Amino acid sequence: MSQKTIYHNGKIATNSTPYFAEAMAVGDGKVLATGTSSNLLQTREAGTKLVDLGGRTVIPGLNDSHLHVIRGGLHYNLELRWDGVPSLADAMRMLKEQAQRTPAPQWVRVVGGWTEFQFAERRMPTLEEINEAAPDTPVFVLHLYDRAMLNAAALRAAGYTKDTPDPPGGEIQRDKRGVPTGMLIARPNAGILYSTLAKGPLLPYEDQLISTRHFMRELNRLGITSVIDAGGGFQNYPDDYKVVEELHKRGQMTLRIAYNLFTQRPKHELEDFSKWTSSATLYQGDHTLRLNGAGEMLVFSAADFEDFLEPRPDLDAALETQLESVVRLLAEKRWPFRLHATYNESIERFLNVFEKVNLDIPFNGLHWFFDHAETISNRNIDRTVALGGGIAVQHRMAFQGEYFVNRYSAEAAKRTPPIRRMLQMGANVGAGTDATRVASFNPYVSLYWLVSGRTVGGLQLYGEENRMSREEALRLYTQGSSWFSTEEDVKGSLAPGQLADFAVLSSDFFSVPEEEIKGLQSVLTVVGGEIVYAATDFSHLAPPQLPAALDWAPTAHYGGYYNPVPVEAGMHRGCSTHHAFVASRDSRRIGESLWGLGCDCFAF
Ligand SMILES: [Zn+2]
Ligand SMILES: [Zn+2]
């Protein structure tokens, strides 16, 4: 057996009985025992390592059951993240600085994860402001699923002129003379936004490896140890999975990823899934990287984009036939599947198809689930449960609840999604974010939304009846999500025999004021018994630094999620100006030492 470690003197939430333990013994990548500090310390042998938790709270590693992590990783170091930035003035300052340091032909990309309601100014930037901040460097700013704002340089780089026709379901906004203004609008198909983004240059392969490792480290910093990847447009299997396969081969994964395969070709979906179900093996890989089935796009005709600025789309009449052929194949092959579904009207039609297939080929325990399901009816929750399905929920409403209320009323918003009802009906429910292109990947923003019922802009969406206790919210984010990759027997709790995946938190999740939940982070993250991230009092346990990002990479200067005062407020106060100063001298180093491993600016 590998060296045993005893973590003691903590407040360890086990998701088991008893709920809290003081100490935990870990060995061979698994939890060996939990109990009181004095009991477990007595089991110490020669060579046993001890880690004093200093009274801190420990949670089972967070599991985001819907994050586009593989695609996000390829581009992470190319993206300027506005996630959590408190004001538009800050956001625009970052954009301007980044435009100046970005070399041609690269673009500055702000790819979702923000909403104007998080800004003190409570508005988005104008095209004029973006052009003024970046006169020469192409800039692409994605806002939710509804629009992208391009400066003049990006319009040139993308080749949009007076003569470019609008794509189906999308609008290139034009001025009186017919010249594109720089605003691209999903009406309501987001295809126009993503196909334009795909025109930008990529990182070289070696840097994609580094970028993916940086993204995993950023997620580890937030206490995430597992993710279920929902595929994505322009995310082709197997080509775009080479990076993550390579990291897995090299033993450089710091996050467990189960991934679903997303069809790439409208009207050829059945071909895609026939090919994949014969060329790939379900669950191929191991608990660090494994194939988890199909979705979240099964057929393009079933895509109901969650753009609450536009009316609900009526899905194509062809969807039933197309979806049935794909689901029939998946049920025959016993491949689990997931399906993106925003509106009850879509879910109604999807369930009609599933029930029909189930009569011929019983699902019989097959793990299948809906993603999102903001407006699902009670009856359709029942039907989902009857078919043994689950629902993966995310905090998309925290970013666009204001728009939903404007269109459909505050009353209608109270159950979007009706999580309490899902739990009462016995549905499998997992939590997550759907990052990176609409919502942020920060799990504490999502936990905050589950607990408080409020948007990031502060709007109270839900009453007491549809809010989760902290314990319930944490359960959804750990045990709940583990069902969605059929791994509930190995992770989700800190009980003996479960994988040793956990995070030691910067403050006590169970008792901090509600508003402070958003600001939590991990100070020690462990995956399979290995420390993948350590900061502050645990920094002496930190793993080796990662290779640096390119020195102009936005993440090398700003990190990922906005982090004005890193862990242990007070100790590091004022270090954000320090960062800027050091960054101009030695930005390669800063990207690693300050953001990659947590803030240790006292070292300078
Ligand atoms: Zn989706
Ligand atoms: Zn998604």
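The donor residues of the zinc ion (ligand 2) follow the sequence spacing H-x1-H-x227-E-x137-D. This is a predicted model, in which local features need pLDDT of at least 70, side-chain atom pairs count only at pLDDT 80 or more, and totals for chains, interfaces and linings use all residues. Residues are numbered from 1 along each chain as its sequence is written, chains are lettered from A and ligands numbered from 1 in the order in which they are written, and side-chain values use heavy atoms, with hydrogens and water left out.

Start at the zinc ion (ligand 2). Its protein donors are H66 (NE2), H68 (NE2), E296 (OE) and D434 (OD), at 2.1 to 2.2 Å. Donors here are N, O and S atoms within 2.8 Å of the metal (3.2 Å for Na, K and Ca); water is not among the atoms, so sites may look incomplete. The angles among the four donor atoms run from 84 to 170 degrees, and the site is irregular. Four donors count as tetrahedral if all angles lie between 85 and 135 degrees; four count as square planar and six as octahedral if opposite donors are over 155 degrees apart and all others between 65 and 115; anything else is irregular.

E296 bridges the zinc ion (ligand 2) and the zinc ion (ligand 1), which lie 3.4 Å apart. The pair H66 and D434 links distant parts of the chain, 368 residues apart. H66 sits in the loop between β8 (62-64) and α2 (69-75), and D434 in the loop between β20 (428-430) and α16 (443-452). Helices (H or I, at least four residues) and strands (E, at least two) are DSSP runs, numbered from the N terminus. Both H66 and D434 are buried. Buried means under 20% relative accessible area, exposed over 50%, partly exposed in between (1.4 Å probe, protein chains only).

Now the zinc ion (ligand 1). Its protein donors are E296 (OE), H340 (ND1) and H372 (NE2), lying 1.9 to 2.1 Å from it. Their spacing in sequence is E-x43-H-x31-H. H340 in strand β17 (residues 337-341) and H372 in strand β18 are 32 residues apart. H340 is buried, with a relative accessible area of 8%. H372 is buried too, at 1%.

Next come the aromatic rings. Rings of Phe, Tyr and Trp (its six-membered ring) pair if their centres lie within 6.5 Å; planes under 30 degrees apart count as stacked, over 60 as edge-to-face and the rest as tilted. The count comes to 33 aromatic pairs. F354 and F363 form a tilted pair, 6.3 Å centre to centre, with 55 degrees between the planes. F354 is buried, with a relative accessible area of 0%, and F363 is also buried at 0%. The rings of F354 and F370 have centres 5.8 Å apart and planes at 20 degrees, so this pair is stacked. F354 lies in helix α11 (residues 344-360) and F370 in strand β18 (residues 368-372), so the pair ties together parts 16 residues apart in sequence. Ring pairs link F337, F350, F354, F363, W368 and F370 into a cluster.

Last, the sheet. Five strands form an open sheet in the order β9-β10-β11-β13-β12, with mixed pairing. Two strands pair if DSSP finds at least two bridges between them. The edge strands, β9 (108-111) and β12 (170-174), each pair on one side only. β12 runs antiparallel to β13 (residues 180-186), joined by four bridges. I172 stands opposite L184 in β13.
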